[in-house]
Amino acid sequence: MDSNNIPDTSDGIISEIEKLKAQKETLEDRIRLLQARLDETGPNYVKRDAFVVNGSCCPSVSLGNVVIDNGLTPEMIYRYSRHLLLPNFGVEGQSKLSKSSILVVGAGGLGSPVALYLAACGAGCIGIVDSDIVEINNLHRQIIHKEAFVGQAKVKSAADACRSINSLVKLVEHNEALSPTNALEILSKYDIVVDATDNLPSRYMISDCCVLLDKPLVSGAALGLEGQLTVYHHNGGPCYRCLFPTPPPTAACQRCSDSGVLGVVPGVIGCLQALEAIKIASAIGEPLAERMLIFDALSSRIRTVKIRGKSAQCIACGENARFTKETFQCFDYEEFTQSPMSDKTRPKLNLIPESARISSHDYKEILDKGQPHILIDVRPAHHFKITALPNSMNIPLSILENKLPMIDSALKEAELASNEPASLYVVCRRGNDSQRAVQFLADKGFSSAKDIIGGLESWANNVDPKFPAY
Amino acid sequence: MQLTLEFGGGLELLCESIKIHEVDVSPKSGEDKLIMRDLLGWIKANIIKERPEMFMKGDSVRPGVLVLVNDCDWELSGNLDTTLEEKDVVVFISTLHGG
């Protein structure tokens with residue numbers, strides 16, 4: 001097989017190839033024979049494709065035909081090779097990660113990168129809890145979901161995406177809302193909990209449950225252009241209640257569906273949550289306990305600050321903690337925080353009497369009949385730019401007080417034009433701020449002011465299906 | 001005393017959406033040091049432009065606001081009695097719940 005000795009003629013080359021092929025077959029027969037002998041010989045020698053688990057994370061090296069018994073299959077070694085090459089992570093880290101089980105609560109903006117990265121990196125078991133369905137206005141930030149899954153359960157969509165990345169990972173779909181009645185049972189099955197929810201009562205509930213079950217909690221939040229991240233109840237650190245024993249006033253509880261969120265912001269925080277979960281699962285590095293990471297997207301600033309330790313007075317994890325599994329199951333988190341767990345159960349405001357309100361249908365009739373009136377849209381100016389009724393006048397609720405003369409003159413103008421008394425209607429996005437405005441206007445002498453019940457949302461649902469919803 | 005005040009997590013909306021304020025605050029007359037209790041009063045009077053109840057409750061910050069003095073929770077430095085020093089950075093962050 002001297003590569004320099006190439007025959008001159010094509011016949012010569014063909015005959016050389018035939019000769020080499022015969023030699024190759026002989027060699028392969030010999031290899032097969034030896035391999036068969038090897039299989040009979042016993043456990044110290046293993047075929048290339050086989051793998052042995054003995055439950056130990058420590059690699060053991062045997063002599064002869066070398067086999068490293070580290071709990072990782074050849075498939076895993078190949079798939080996670082870049083992890084294994086990290087001296088600080090390596091086989092031990094991957095092995096621990098592959099045996100860990102992690103629960104992701106919420107398959108939204110935060111939960112999307114958390115679940116995707118945990119699946120890709122080979123966490124042993126990933127549970128996903130959510131009761132929502134995928135909506136088209138989720139997709140700009142909830143990158144785990146695809147258009148094809150719109151209308152289907154988020155957990156199904158998320159689990160499908162994870163499975164398509166890594167079939168080695170076990171995925172558990174909890175297609176239900178987490179509540180005090182099912183939280184203990186669900187969380188107890190996992191080693192680590194990731195809070196990727198979007199509301200305050202769920203955050204208190206998940207923290208309390210993690211304290212009761214003694215599980216580390218990787219908690220992330222994002223809104224607008226900012227994000228926050230902490231690991232609670234880990235390495236003797238504080239729980240959520242240590243930091244926030246009293247819930248904030250409801251006016252301080254903004255939601256993404258009201259205040260907006262730049263898609264990549266929960267993405268950044270979710271990636272960092274996945275990282276913290278991986279660090280805890282594989283026991284590497286310094287988890288973000290007793291510290292908080294604060295991300296400001298506009299100024300491209302990330303600051304990590306030191307936060308207080310565990311509070312001795314904490315009712316969940318302190319010295320005289322009064323939370324038991326029984327009291328937890330009966331605790332009303334929505335009452336405690338004065339805030340709903342789901343957008344869908346948001347209570348409707350009923351601030352003003354029926355007589356000061358009008359349905360979107362009735363307003364349509366007034367419009368069709370050309371009855372003299374003015375319509376004030378009290379949403380913030382940047383909402384008004386999204387969409388508005390063509391005949392409406394934007395006076396945001398926050399500056400309404402200064403614009404009363406403007407309303408007065410607009411009414412007089414409408415009356416002059418029609419020689420009839422003009423009515424005053426107020427609209428907003430969902431019919432809450434419009435009631436506040438009508439109440440305020442009535443106080444200021446505009447006693448005929450009425451609000452359009454359900455706002456532009458009702459207009460889109462009941463009058464004009466083509467009107468853009470947001 | 002030169003201080004840097006920062007507002008985040010939505011609290012900046014109470015001060016005309018300005019997040020960072022470089023300020024010069026003097027100790028109360030008759031006092032030789034400035035403590036957080038006095039600074040909060042000063043901020044309420046000079047920086048907060050609307051809905052002060054969204055910043056303070058009683059003589060402290062409202063629930064859900066984290067106060068950090070030089071990147072450290074004020075619970076670790078004495079809360080309202082924390083003494084401030086020249087060039088300190090005081091951050092007020094409202095906790096976020098969204099996702």
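In this predicted model, helices α14(A) and α18(A) are roughly perpendicular to each other, because angles of 65 to 115 degrees count as roughly perpendicular and the axes of α14 (residues 360-369) and α18 (residues 455-463) of chain A cross at roughly 80 degrees, coming within 9 Å. On the side of α14(A) the contact is made by Ser360(A), His361(A) and Lys364(A), and on the side of α18(A) by Ser458(A), Trp459(A), Asn462(A) and Val463(A). Sorted by class, the residues where α14(A) meets α18(A) are two nonpolar, four polar and one charged.

**Confidence of the model**

Chain A has an average pLDDT of 91, and 92% of its residues score at least 70. One stretch of chain A, residues 42-64, stays under 50 in pLDDT, and for this stretch the model has 27 contacts beyond four places in sequence. Chain B has a mean pLDDT of 95, with 100% of its residues reaching 70 or more. For the complex, the predictor gives an ipTM of 0.95 together with a pTM of 0.83.

**Where the chains meet**

In the contact between the two chains, 20 residues of chain B touch 36 residues of chain A. On the chain B side of this contact, the residues divide into seven nonpolar, nine polar and four charged.

**Helices around α11 of chain A**

Helix α11 of chain A, residues 264-282, packs with helix α5 of chain A, residues 111-121, at an angle of about 40 degrees, and the axes of the two helices are 7 Å apart. The two helices, α5(A) and α11(A), are therefore oblique to each other, and their crossing is right-handed. From α5(A) the residues in this contact are Gly111(A), Ser112(A), Pro113(A), Val114(A), Tyr117(A), Leu118(A) and Cys121(A), and they meet residues of α11(A) that include Gly267(A), Gly270(A), Cys271(A) and Ile278(A). By class, the contact of α5(A) with α11(A) holds nine nonpolar and five polar residues, and no charged ones.

Helix α4 of chain A, residues 90-98, also packs with α11(A), here at an angle of about 100 degrees and with the axes 8 Å apart. That angle makes α4(A) roughly perpendicular to α11(A). Gly93(A), Lys96(A) and Leu97(A) of α4(A) make the contact with Ile278(A), Ala281(A) and Ser282(A) of α11(A). The residues in the contact of α4(A) with α11(A) comprise three nonpolar, two polar and one charged.

| Helix pair | Angle | Axes |
|---|---|---|
| α14(A) and α18(A) | roughly 80 degrees | within 9 Å |
| α5(A) and α11(A) | about 40 degrees | 7 Å apart |
| α4(A) and α11(A) | about 100 degrees | 8 Å apart |

**A sheet in each chain**

In chain A, five strands form an open sheet in the order β9-β13-β12-β10-β11, and their pairing is parallel. At the edges of this sheet lie β9 (357-358) and β11 (392-394) of chain A, each of which pairs on one side only. Strand β9(A) pairs in the parallel sense with strand β13 of chain A, residues 450-452, over two bridges, and Ile358(A) has Ile452(A) in β13(A) as its bridge partner. Helix α17 of chain A, residues 433-443, lies across β12 (423-427) and β13 of chain A, and runs at about 175 degrees to β13(A).

In chain B, an open sheet of four strands has the order β2-β1-β8-β6, and here the pairing is mixed. Its edge strands are β2 (20-24) and β6 (65-69) of chain B, each pairing on one side only, and from one strand to the next the twist averages 20 degrees. Strand β1 of chain B, residues 2-8, runs antiparallel to β2(B) and is joined to β2(B) by five bridges. Within this pair of strands, Thr4(B) has Glu22(B) in β2(B) as its bridge partner.

Key. Residues numbered from 1 in each chain as written. Chains lettered and ligands numbered in written order. Predicted model: local features only at pLDDT ≥ 70, side-chain atom pairs only at ≥ 80, totals over all residues. pLDDT = per-residue confidence, 0-100. Contact = placed C-beta atoms within 7 Å. Nonpolar A, V, L, I, M, F, W, Y, C, P; charged D, E, K, R; others polar. Axes fitted to C-alpha atoms, helices over the stretch in contact; angles between N-to-C directions. Parallel < 35°, antiparallel > 145°, perpendicular 65-115°, else oblique. Left-handed = near helix turned anticlockwise from the far one by under 90°. Pairing = 2+ DSSP bridges.
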